[in-house]
Amino acid sequence: MSGRTVGVSAWRAVSRTAYLVGLPLALVALWWLASDRSTSYYWPPLRVVLDSFPGTWFTGRLTHDVVPSLIRLGVGYATASVLGISLGVVLGSSRSLRAAAEPVLEFFRAVPPPVMVPILILLTGIGNTMKVLVIIFGAFWPILLNTVEGVRGVDEVLADTARCYRVRGPARLRYLVLPSAGPQIVTGMHQALSIGIILMVISEMVAASNGLGFAIVQFQRSFAIPEMWGGIILLGALGFGLAMLFQVVQGRALRWYHGVRKAQRGGG
Amino acid sequence: MLDVRSLRKVYEGAGRTVEAVQDLSFGVGKGEFVCILGPSGAGKTTLLKCIAGLLLPTAGEVMLQGRRVTEPPPGLAVVFQEYGRSLFPWMSCRRNVELPLRQKGLPKARRAELVEEALSAVGLGDVHDAYPWQLSGGMQQRVAIARAVAYEPAVLLMDEPFAAVDAQTRADLEDLIRSLWERLGMTILFVTHDIDEAVYLGQRVLVLSAAPTVVMEDLAVDLPPCRDQMATRSSRRFAELRAHLYEQIQAAKRGRR
């Protein structure tokens, strides 16, 4: 790599970071200025929203609302991942099973996850079980379907190579199938993460005694409008933070994949 | 060592059947270097896959060391043409070479030893931790060869392994295979569509007809065992063998059987 390309890529990194930080800052500033003189009850100035923020969230709501939400999301998302990947590997490896399961899968995939909320309330009450099940129900499908595609797409020559060297059973899964399907699985998990966050909030809005979604609805119903806006900002920041975390983790796990793509594009 | 008896392979497609291999019989002795030469579309890869146990023949059988091949047998390694698709891109070169040894159940110390030996034997002593996609095509194929060699196979199958590398690299890899064969004494079955390559490498050349395939000729290559890119290729006997095989291949293309 020459000095010039180092310079260019360093410059790219700097401008990317500037954009990543700068754009939100600019939008916040715009919001701040545009809302500053607002007298509307429902659109309070950002100044007022941020003033109310520490008193609302740092006095117990973090542990009372945010942590329970995150735990439900974490448990639901992890369970959906384990179920989706396991079943995806099974279905992806067997054409006849896939053919048999397809109509059922298509049906359930087409059911919007929020409609499961009323049914799950009837079946499991309004506790954590219901919320975790809703998250699982929504996050499961993209992971399952992407895993199936990823497993089906294992390269034929690579599969033959593994067979010749008698790599089979659990070793085949570990060294061939899972890594090969990895990029697709990650795509599914990425979609599932945003779906999981949405369902976390929705399930809490419908019926709950704590959680972020619950808190936001509470504020809205008690006309604590700046606090409600603060909750929405917090939710947005949380989603952004989780997405960034996801990027970092997948970048590490799929370093080989990004390397291959880069090599194929002819870049060094 | 290896016996192919009345092998026949018919592919059953949607509404049509293709007879790829009609009737193939030949034997390969222990430690022999045999090249299989045929025009493109001669069912060479089909034959190789049947020998490797990756495909089941429609009729006939493949016997390896006295046992009938119904699945990939132990002691058999394959080097494919598509090196880019036969190395695991998520593993370093070292781990690629090591994986089959792990499956064999070798202890860690022995594995490390074999990996080290094999990689330096193919001239890649210093790229253990690189990923395959960080290497050139020729180097990737060397890693695949190292993996096959480290496996210590009784039979090494090679499916047009050098068809996708440039001419210079190809000559180097040909010499590499010859020297590995001389040193390690495994049986090699080398599929190619390149006449020069077949004559240069093999002790015997099996000429296949166009599909549906039969053996057209079983030719002993009576060149001195020590091959050299310059001397061997410019020798008179090399030219004669080459011309003879060229005629055979032309005849095969015209449909002679």
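**Figure 1. Strand β9 of chain B in its enclosed setting.** In this predicted model, strand β9 of chain B, residues 204–208, has 4 of its 5 residues buried, so the strand is largely enclosed by the rest of the structure. Burial here is a matter of neighbour count, since a residue is taken as buried if 20 or more other C-beta atoms lie within 10 Å of its own. For the chain as a whole, 45% of the 257 residues of chain B count as buried.

**Figure 2. Parallel pairing of β3(B) with β9(B).** Strand β3 of chain B, residues 33–37, pairs with β9(B) in the parallel sense, over 4 bridges. In this view B:Val34 stands opposite B:Arg204, a residue of β9(B). As background to the view, side chains in a regular strand alternate between the two faces of the sheet.

**Figure 3. The hairpin of β9(B) and β10(B).** Strand β10 of chain B, residues 213–220, runs antiparallel to β9(B), and 5 bridges join the two strands. Together β9(B) and β10(B) form a hairpin, with 4 residues lying between them. Across this pairing, B:Leu208 stands opposite B:Val215 of β10(B).

**Figure 4. The fold of chain B.** The secondary structure of chain B amounts to 9 helices and 10 strands. Its radius of gyration is 18 Å, close to the 18 Å given by the globule rule for 257 residues, so chain B is as compact as a globular protein of that length. Along the principal axes, the C-alpha atoms of chain B fill a box of roughly 50 × 45 × 35 Å. Among contacts in chain B between residues at least 6 apart in sequence, 70% join residues at least 24 apart.

**Figure 5. The contact of chain B with chain A.** Chain B contributes 20 residues to the contact, and chain A contributes 17 residues. On the side of chain B that touches chain A, the elements giving two or more residues are β6 (76–79), α2 (83–86) and α3 (93–104) of chain B. By class, this side of chain B has 16 nonpolar, 2 polar and 2 charged residues.

Note on methods:
Residues are numbered from 1 along each chain as its sequence is written. Chains are lettered from A and ligands numbered from 1 in the order in which they are written. This is a predicted model: local features need pLDDT of at least 70, side-chain atom pairs count only at pLDDT 80 or more; totals for chains, interfaces and linings use all residues. Two residues are in contact if their C-beta atoms, placed from the backbone, lie within 7 Å. Ala, Val, Leu, Ile, Met, Phe, Trp, Tyr, Cys and Pro count as nonpolar, Asp, Glu, Lys and Arg as charged, and the others, Gly among them, as polar. The radius of gyration is taken over C-alpha atoms; the globule rule is 2.2 Å times the number of residues to the power 0.38. A residue is buried if 20 or more other C-beta atoms lie within 10 Å of its own, exposed if 12 or fewer, and partly exposed in between; C-beta atoms are placed from the backbone. Two strands pair if DSSP finds at least two bridges between them.
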